Amino acid sequence: MSTHRSIASRLWHDRTFLWACLIAANIAMLVLAVLIISIFWQGFGTLSWSFITHFASRKPAEAGIRAPLMGSIWVCSICALTALPLGIATAVFLEEFAKKSRFTRIIQTNIMNLAGVPSIVYGILGLTAFARMFGAFGTNLDTAITFGNQESLFYFRLPFGSSVLAGGLTLMLVILPVIIIATQESLRSVPSSLRAGAMALGATRWQTVWCITLPAAIPGIMTGAILAMSRAIGESAPILVLGGLLLVFNTPENLMSDFAILPLQIYHWAGKPQQVFHYLAGSAIIIQLVVLLIFNGIAVLIRQKLQKPLQ
Amino acid sequence: MLGRQKSVAARTLRERLIVAMLALAATFSIFVTGTIIVILTKETLGFFAFPDVTLGEFFGSFEWNPLLGSEKHFGIWPLVSGTLLVMAIAASFALPIGLITAVYLSEYASPRVRSVLKPALEILAGIPTVVYGFFALTVITPMLQKLTPAFGSYNAMSAGLATGIMVLPIVCSMSEDSLRAVPRSLRDGAFALGGTRFDVSVKVVIPAALSGIVAAFLLAISRAVGETMIVPLAAGGIAQITANPAAEVQTMTAYLVQIFLGDAPATGVEYKSSYAVAAMLFVMTFALTMVGQWTLRRFREEYD
């Protein structure tokens with residue numbers, strides 16, 4: 001028992017533990033350093049402007065990431081446009097309107113559970129619900145109901161197939177719990193005196209939420225949303241289930257276009273046996289990390305600029 | 001405001017409509033869970049309806065070879081074993097290091113050290129999993145091969161370590177949050193009784209934050225189980241029961257990737273087997289999350 005230990009032995013424990021702490025913390029830093037250096041080592045040589053503007057190619061020297069980069073942008077935009085309103089609405093309902101009942105507790109537990117579901121399972125859901133629409137319109141795209149001209153921007157069909165719309169909606173399912181939880185936390189941090197003040201002036205509950213609570217919570221919501229989007233742009237398993245590794249030679253034209261995404265292009269190249277494709281994967285990873293860095297930079301900026309003390 | 005000119009009745013109606021829409025949005029999440037369960041159940045039943053598949057074989061056989069060989073076997077255990085092996089390697093890397101780093105961050109580190117270490121962990125948390133897969137394949141595996149030639153180009157160890165690196169920030173930041181939530185007065189009391197920093201952190205603060213730490217561990221484990229892009233790149237594709245970290249293994253998620261990449265015709269028994277595997281995966285991660293939630297509720301220490 002520690003009560004019987006001498007001071008010397010206790011101080012020795014203290015020092016040893018501090019060393020363990022320093023080693024553990026340094027392992028984390030070391031791993032990050034090795035990761036970044038090894039990726040730049042492998043990817044920097046093949047990085048060039050034409051790598052970004054060229055389409056995929058069997059010849060490594062001519063290969064580029066234009067299609068997957070544009071595909072990622074399309075899919076993530078759809079994801080953001082659908083996940084943000086839905087997620088914020090859910091969080092506002094749970095935090096500002098719902099009474100503490102069995103129903104709201106079930107929803108809350110359910111959201112925590114959804115946050116833990118592996119993303120590949122969401123892929124299966126997306127494949128069945130969006131790409132095939134439960135087989136309600138036949139089992140292949142030849143029998144799909146179409147609207148508009150295939151080349152036009154407003155071309156639309158049911159079921160969606162392996163299109164950018166299906167991909168974006170599937171990613172929306174993946175990041176919805178993340179956005180809900182982040183929004184709830186930042187709504188909770190808005191002091192209740194602000195709400196009480198608005199209510200005392202005769203505002204209805206919705207007016208309080210719309211004019212007072214939400215504006216006060218915006219920095220937190222934006223930060224959470226951007227972090228969720230940086231998860232969405234790196235997510236590849238659900239898209240893989242949706243359409244496999246699509247070799248695409250054009251950028252998306254409308255919501256029903258086929259698409260590739262950057263992480264899957266990386267997966268495709270990393271899985272090839274030839275060394276030269278690993279270099280290409282390294283270059284694509286550098287682009288991906290730069291995009292992520294921009295996202296995170298914006299999040300930090302918003303956190304610093306917009307966060308005003310409310311107390 | 002528009003509402004100012006409107007009558008009270010119109011305002012109440014508008015309010016009701018908005019609340020109804022918000023409630024509808026909130027119900028969507030339940031609808032998502034329901035649909036996942038319905039799809040997995042329906043397709044899994046479809047899988048067991050095939051004549052050469054039985055529930056007894058699924059849980060009783062120790063062979064899984066749906067794609068190769070003349071005789072197909074559908075015993076889930078090799079895939080579960082592969083998943084558990086990778087998960088165990090990841091956990092034995094990430095849990096101790098994550099927890100100790102969290103203690104360091106919350107109890108020892110100066111603000112300057114924090115300002116370097118926290119962003120580094122945030123960057124690690126934001127890196128896409130496919131990048132960790134690439135890292136495992138091109139850096140960790142060659143390193144292991146230099147250490148001992150027993151490691152082939154695909155092995156469980158490499159995938160496990162990469163998965164461990166991936167979940168390390170989760171363990172660290174969640175544990176740190178719960179360590180920091182322990183009130184100052186507890187630490188002050190322990191210091192006043194003559195405790196060293198080690199005594200205070202390990203014997204007072206960690207026990208007080210235990211529910212949060214266990215929840216962090218469970219979340220990290222469930223992430224490791226559901227991880228999909230590292231394992232097919234680094235661990236290979238042979239479904240076998242083994243505890244050897246140098247062996248090539250296939251996890252449940254890696255099998256799903258193999259099927260959905262188009263190795264099987266979409267109507268065959270092999271394709272349908274993926275839904276049974278996905279259902280198993282869903283049940284495992286769901287159970288882990290539920291246990292984590294329960295731990296948080298049941299063992300939370302309230303000090304305020």
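1. Burial first. A residue is buried if 20 or more other C-beta atoms lie within 10 Å of its own, exposed if 12 or fewer, and partly exposed in between, with C-beta atoms placed from the backbone. Helices (H or I, at least four residues) and strands (E, at least two) are DSSP runs, numbered from the N terminus. By these terms, 24 of the 32 residues of helix 3 of chain A are buried, so this helix is largely enclosed by the rest of the structure.

2. Ground rules. This is a predicted model, in which local features need pLDDT of at least 70, side-chain atom pairs count only at pLDDT 80 or more, and totals for chains, interfaces and linings use all residues. Residues are numbered from 1 along each chain as its sequence is written, while chains are lettered from A and ligands numbered from 1 in the order in which they are written.

3. The expected span of a helix is 1.5 Å times one less than its number of residues.

4. Where is A:Pro273? A:Pro273 sits in the loop between helix 10 (262-270) and helix 11 (275-306) of chain A. A:Pro273 counts as exposed because it has 7 C-beta neighbours inside 10 Å. From A:Pro85, A:Pro273 is 188 residues away in sequence and 43 Å away in space, C-alpha to C-alpha.

5. Helix 4 of chain A. This helix (residues 102-116) has 15 residues. Its first and last C-alpha atoms are 21 Å apart, close to the 21 Å expected. Its buried residues are A:Ile107, A:Ile111, A:Leu114 and A:Gly116. In chain A, they pack against helix 3 and helix 6 (164-188). In chain B, they pack against helix 1, helix 9 (210-226) and helix 12 (269-299).

6. The interface. Two residues are in contact if their C-beta atoms, placed from the backbone, lie within 7 Å. How many residues of chain B are in contact with chain A? The count is 64 residues of chain B, against 69 residues of chain A. Helix 1 (residues 8-48) of chain B supplies the largest share of the chain B side, 16 residues. By class, that side has 43 nonpolar, 17 polar and 4 charged residues. Here Ala, Val, Leu, Ile, Met, Phe, Trp, Tyr, Cys and Pro count as nonpolar, Asp, Glu, Lys and Arg as charged, and the others, Gly among them, as polar.

7. Domains. The bounds come from an automatic or database domain assignment. Chain B is given domain 1 (8-49) and domain 2 (77-299). Their centres, taken over C-alpha atoms, are 32 Å apart. Their contact takes 6 residues from domain 1 of chain B and 7 residues from domain 2 of chain B. Chain A is given domain 1 (1-43) and domain 2 (48-306). The C-alpha centres of these chain A domains lie 37 Å apart. Their contact takes 4 residues from domain 1 of chain A and 6 residues from domain 2 of chain A.

8. The core. A nonpolar core is a set of buried Ala, Val, Leu, Ile, Met, Phe, Trp, Tyr and Cys residues joined through C-beta atoms within 7 Å. The largest one has 191 residues. Which of its residues touch the most other members? They are A:Ile175, B:Ala136, B:Ala162, B:Val171 and B:Ala220. Helix 3 (residues 77-108) of chain B gives the most to this core, with 19 residues.

9. Two alanines of chain B. B:Ala159 lies in helix 6 (residues 156-180) of chain B. B:Ala159 is buried, with 34 other C-beta atoms within 10 Å. Beyond four places in sequence, its contacts include B:Val86, B:Ala136 and B:Ile230. On the same terms, the residues that B:Ala136 touches include B:Thr141, B:Ser158 and B:Ala159.

10. A backbone detail. A:Met133 is not a glycine, yet has a positive phi of about 50 degrees. A:Met133 lies in the loop between helix 5 (119-131) and strand 1 (145-147) of chain A. Is A:Met133 buried or partly exposed? A:Met133 counts as partly exposed, because it has 16 C-beta neighbours inside 10 Å.
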